[in-house]
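Work through the exercises below with the structure in view. Each task is followed by a solution in steps.

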Amino acid sequence: MSLVDEIVAMEAELTSWRRDIHAHPELGFEESRTADFVAAKLEEFGIEAFRGIGRTGVVGVLREGNETRAIGLRADMDALPIDETNGFDHRSKAPGAMHACGHDGHTTMLLAAAKYLAESRNFRGQVNFIFQPAEEGIGGARAMIEDGLFSQFPCDRLFAMHNAPGLPVGRFGAVAGTRTAAGAFFDIDIKGKGAHGAFPHQGIDPVVIAAEVIGALQTIISRASPPGETAVISVTQVHAGDAYNVIPESARLSGTVRAMSLETMQQIEARVLEISKGIASAHGGDATVSFRVIFHPVRNDDETTQMAAEVCASMVGDDQVIQAGPAGTGSEDFSFMSEQVPSCYLILGNGDDSRPLHNPGYDFNDGAIVYGASFFARIVEHMLAPE
Ligand SMILES: [Zn+2]
Ligand SMILES: [Zn+2]
């Protein structure tokens, strides 16, 4: 077995869909044009499309035979608030928005599989094509689940795929276990006491407190986490003051934490709180912390991942399928779906020369479309094979 011939034959058309979506990026929960595009295509293929699942989400349902078994295939549709620097014809036409994470490619791959499966119907059961909005940290997966995604469209197994810059096109990764990190965002508001910059003894300087807090937060990973356990804490925003001669009343630090389990995440949260409050109070100030866990870790189910790896190997050969390796410190809100249904989250090469994800010069590699689409098609034919 190799790639799906019918999908390979559509490659030029698929590239034009992908570039059309790339040229019209929409931020999370604003994917109305993209959802229109997806729903129109699904209906054109003869697949019933359900709109408004998780606001701008779309679910397509394709059924063959009377079997009750079902699988879900999920793609994400949202873009990022980045100004694209590419000069090619399909560059973003929307200032301040860009498909810098390749979700244009993910959407296209799933549409291509839908078209093929609707025509060939070489399976028995139900396929739920899940087009998710707002993957980039604003809760699209949760929104779909809260809208009854899995009660309305039950799935026995779930598959999703993300492109991977640096990995050759045609190479897959399907690795069991924890694959992406839990992710949290935090804000630390430090309250001091404003004063004249020339008379610091009359105030409580929140800038000095903030500086100490930033330094001390670095000890959470180096001193409080077990060596060998992957975790990250990054302070990414520092805001305080706006005059040369004024000690401000307050300061705000913001940033992100990544950890491989929710237990570790809770321990880090507790330390962020203790350190911030402890240092602030040592200087006579105060600190309040808002700590929000946005992503859970994606866990790949053993058996589901094994099946995915076998299907990949049948298309590209064993040596092109990565089946072991460390999890990354990136996060993915597919985690919330993978907590509800046995899942496999795969990666697919976007080429050695690809710019990194979230880079203003990134572009999804059109050569990868037929690989991802063939996987989605073949996993359905494998798992829902006619008896
Ligand atoms: Zn992203
Ligand atoms: Zn992404």
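**Exercise 1.** Decide whether E136 is buried, partly exposed or exposed.

Solution. This is a predicted model, and the values are computed from it. The relative accessibility of E136 is 23%. Buried means under 20% and exposed means over 50%, with partly exposed in between. E136 therefore counts as partly exposed.

**Exercise 2.** Find the protein donors of the zinc ion (ligand 1) and classify the site.

Solution. Start with the donors: C101 (SG), E136 (OE), E136 (OE) and H358 (NE2) lie 2.1 to 2.7 Å from the zinc ion (ligand 1). Along the chain these donors follow the spacing C-x34-E-x221-H. Next, take the angles among the four donor atoms, which run from 53 to 152°.

**Exercise 3.** Which residues coordinate the zinc ion (ligand 2), and which residue coordinates both zinc ions?

Solution. C101 (SG), H103 (NE2) and H162 (NE2) coordinate the zinc ion (ligand 2) at 2.1 to 2.3 Å. Their spacing along the chain is C-x1-H-x58-H. C101 coordinates both ions, and the two ions are 3.2 Å apart.

**Exercise 4.** Where do C101 and E136 lie, and what does the pair tie together?

Solution. C101 is in the loop between β3 (70–76) and α4 (103–120). E136 is in the loop between β4 (125–132) and α5 (140–146). The pair therefore ties together parts that are 35 residues apart in sequence.

How values were computed. Residues are numbered from 1 along each chain as its sequence is written. Chains are lettered from A and ligands numbered from 1 in the order in which they are written. This is a predicted model: local features need pLDDT of at least 70, side-chain atom pairs count only at pLDDT 80 or more; totals for chains, interfaces and linings use all residues. Side-chain values use heavy atoms; hydrogens and water are left out. Donors are N, O and S atoms within 2.8 Å of the metal (3.2 Å for Na, K and Ca); water is not among the atoms, so sites may look incomplete. Four donors count as tetrahedral if all angles lie between 85 and 135 degrees; four count as square planar and six as octahedral if opposite donors are over 155 degrees apart and all others between 65 and 115; anything else is irregular. Helices (H or I, at least four residues) and strands (E, at least two) are DSSP runs, numbered from the N terminus. Buried means under 20% relative accessible area, exposed over 50%, partly exposed in between (1.4 Å probe, protein chains only).
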